[in-house]
Amino acid sequence: MRTRNWKLFPRVTGLLAFSLLFCSSAFEQELQLAKRLSIALGWHPWYELKVDPETPNNVVVCGAKWDADSNASFGFVYASADGGATWQSVLEDRNSTWVTEQSCAFGPHHRAYFVSEASKVIDGRQNHDLGTTRLYVSEDGGQHWSERLKTGWADWSTSAVNSRSQELYTFYNSRGTAESGHGWGTTVGLLVFSPDGTTVEGPFFHPGMQDLGYRGVYPSYAVALKSGAVVALYHALLGFPWQQEDLGFVRAGPPPERRMESGPIVRRNMGTGCGLIDKGALAYDAEQDRLFLIYGDGCKTRQLFLSQSEDEGRTWTEGVRIERSEQGEEGIVDPSLAVLPGGRLGLLWKTAQSSGRWYFSVIQERRLSAARVELSATKDDLVSNDTLSMNIFPANSRHGGNPNAPSERSIDMSVASQLNNVLRSSGLAVVGGKPEAVWSSGDKNGMNLFFGSLSEHGASSEVQEKGRQDSKDVTANAVIFYAGSQHFDAQTQTLTACISLANRGNEPLRTPIVLEVRDMQSPLGSISIMNASNGKSGPGALLDLSNAITGSEIPPRSRSNPYCLAFHLDFLAGQGKSDEIGALLTLKLGVLSRK
């Protein structure tokens, strides 16, 4: 990360009444947000979402989190072993007060990697050249971690596991190749870590990039290809006043040669007032062995373009403009891209650098679908306490974006709010054809890092009816118990209530076992279900308990593991207190089990 000033860009328990009925699980035809929950509080300016390819229930989010009280950045890993239903903080890297530049990746056998860089901070100033990169490895899908290796500072890292050698490939911004007297610029370097994380080779470079005279090359979206090559996207700055930028690719060939290739894809004029690099996104269709690239035409107007490569990034089609509907005047920034079934692309995006409004959309036939899903809707607040950051520069120091500026004779101090600012994000994955997303959003009350899953295609009514025919009503033999957790988040107006389903019949209840919401009411306003398996948010919503059941059935006189229901409440403005003291919602539920 470049050293610079970043720019502005009560617990309640509810009364839940249950009665019982059911029908089978299916998807609605339009896009739906099936689940949304907060992973963690606070500002997370840098994050990546990664899924275990062998066990998709293993999910990790890694990156940097800001600690406003300490005016410091530290590294984090959050992990879920149940497909995002619950999350735990499993690793923190606090080896200095400036820990950034993180990346993570999954390899085979549930092995996960976390690359984290700690700058050497002296008198409050970061000295990246004296910093340390640490490699952490997990052998159990991200639940437990150990430090395996230290090496030098690897700026702006991005990582993927080679499909042939199972080595970890980490690309980074190598500043050590720049020498102005020779006209040499910075390049993308490559470090190769052994599968167990105990040794490292490199760095490896493509000499031709050095001759382009870049003044910063920032790789992202590392992707492992079927051939054994690993590719990444890069953004390169062409020098002060930073108004031109190259968007390019870098490729490391299969081992053992690891031949490096690179080259620009498109050059863009950024214009004045663009404080950070313009962000694009890369996605890989493994079935077709095809790369997709989405990018903007600058940080202001934000027309979107799509390009693709059939030869592992060596050549790219000319970018075609993505058509948009009535939302065409809104910006699209901080995009993440993923390949969906049926040749479509999923796009995670927000409307402006300073905005907390995030959306998910589908790109098909070079058009952005009008049926977007709103993930977070926030007010345009300017300040939150958890995003405050202070920069202090001593007298006689040179700082800021202009390398030719004279040294300052005074001590400079600035305080900024980073509310909803994202430095780098890769927040989209597709599991079983369903998109999963991570995004950072907040308002004056503070920031949250959210996780959500979406259902974007569905079964026909005939399929739903067949599911009913294959199931039996077991309502009379089912009992619901409280399962240890109920919580209302006043900031997000989200109520979570965890239950367990018990079998009081004489026969096993066989999966799939599903709850149906037959009726749902709240005296305080509108209420919607956030984690239905069919994407519905009201009556008719289906809640599949199968993942909360050990094995394939609930035997007689046994119960399921806890299952948490999530609701969003929209309180009516001026709504008086309910006559039913404390009531938040009432439900009528039903239960069906496989015949």
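The model is predicted, so local features are given only where pLDDT is at least 70 and side-chain atom pairs only at pLDDT 80 or more, while totals for chains, interfaces and linings use all residues. Residues are numbered from 1 along each chain as its sequence is written, and side-chain values use heavy atoms, with hydrogens and water left out.

Let us start with the whole chain. It holds 2 helices and 42 strands; these are DSSP runs numbered from the N terminus, with helices being H or I of at least four residues and strands being E of at least two. Of its 595 residues, 54% are buried. Here buried means under 20% relative accessible area, exposed means over 50%, and partly exposed lies in between, using a 1.4 Å probe and protein chains only. The chain exposes about 25100 Å², and carbon and sulfur atoms supply 48% of that area. Accessible areas come from the Shrake-Rupley method with a 1.4 Å probe, and for residues only the protein chains shown count as cover.

Now to the interior. In soluble globular proteins, nonpolar side chains tend to be buried together. A nonpolar core is a set of buried Ala, Val, Leu, Ile, Met, Phe, Trp, Tyr and Cys residues joined through side-chain atoms within 4.5 Å. The largest such core has 31 residues, and those with the most contacts inside it are L501, V517, I529, L543, F567 and L587. Strands β34 (478–489), β35, β36, β37 (525–529), β41 and β42 (586–594) each supply at least two residues of this core, and β36 gives the most, with 5 residues. A second, separate core has 30 residues, among them Y221, L291, I332 and L347.

Next come the covalent links. A disulfide is a covalent bond between the sulfur atoms of two cysteines; the cut-off used here is a pair of cysteine sulfur atoms within 2.5 Å. The search of the whole structure finds 2 disulfides. One joins C62 to C104, with an S to S distance of 2.2 Å. This pair links distant parts of the chain, with C62 in strand β3 and C104 in strand β6 (residues 99–106), 42 residues apart. With -90° about the S-S bond, the link of C62 and C104 is left-handed, and both cysteines are buried.

The other disulfide is formed by C498 and C564, whose sulfur atoms are 2.0 Å apart. C498 sits in strand β35 (residues 494–503) and C564 in strand β41 (residues 563–571), so this pair too links distant parts of the chain, 66 residues apart. The link of C498 and C564 is right-handed, with 90° about the S-S bond. C498 counts as buried because its relative accessibility is 5%, whereas C564, at 30%, counts as partly exposed.

The search finds 12 aromatic pairs in the whole structure. Rings of Phe, Tyr and Trp (its six-membered ring) pair if their centres lie within 6.5 Å; planes under 30 degrees apart count as stacked, over 60 as edge-to-face and the rest as tilted. The rings of W43 and W66 have centres 6.2 Å apart and planes at 65°, so this pair is edge-to-face. W43 lies in the loop between β1 (32–41) and β2 (46–51) and W66 in strand β3 (residues 59–67), so the pair ties together parts 23 residues apart in sequence.

Finally, some details of the backbone. Most residues other than glycine have a negative phi, and most peptide bonds are trans. The peptide bond from P255 to P256 is cis, with omega near 5°, and P256 lies in the loop between β16 (244–252) and β17 (260–269). The bond from T511 to P512 is also cis, with omega near 5°; P512 lies in strand β36 (residues 509–521). W156, although not a glycine, has a positive phi of about 55°, and its place is in strand β10 (residues 155–161).
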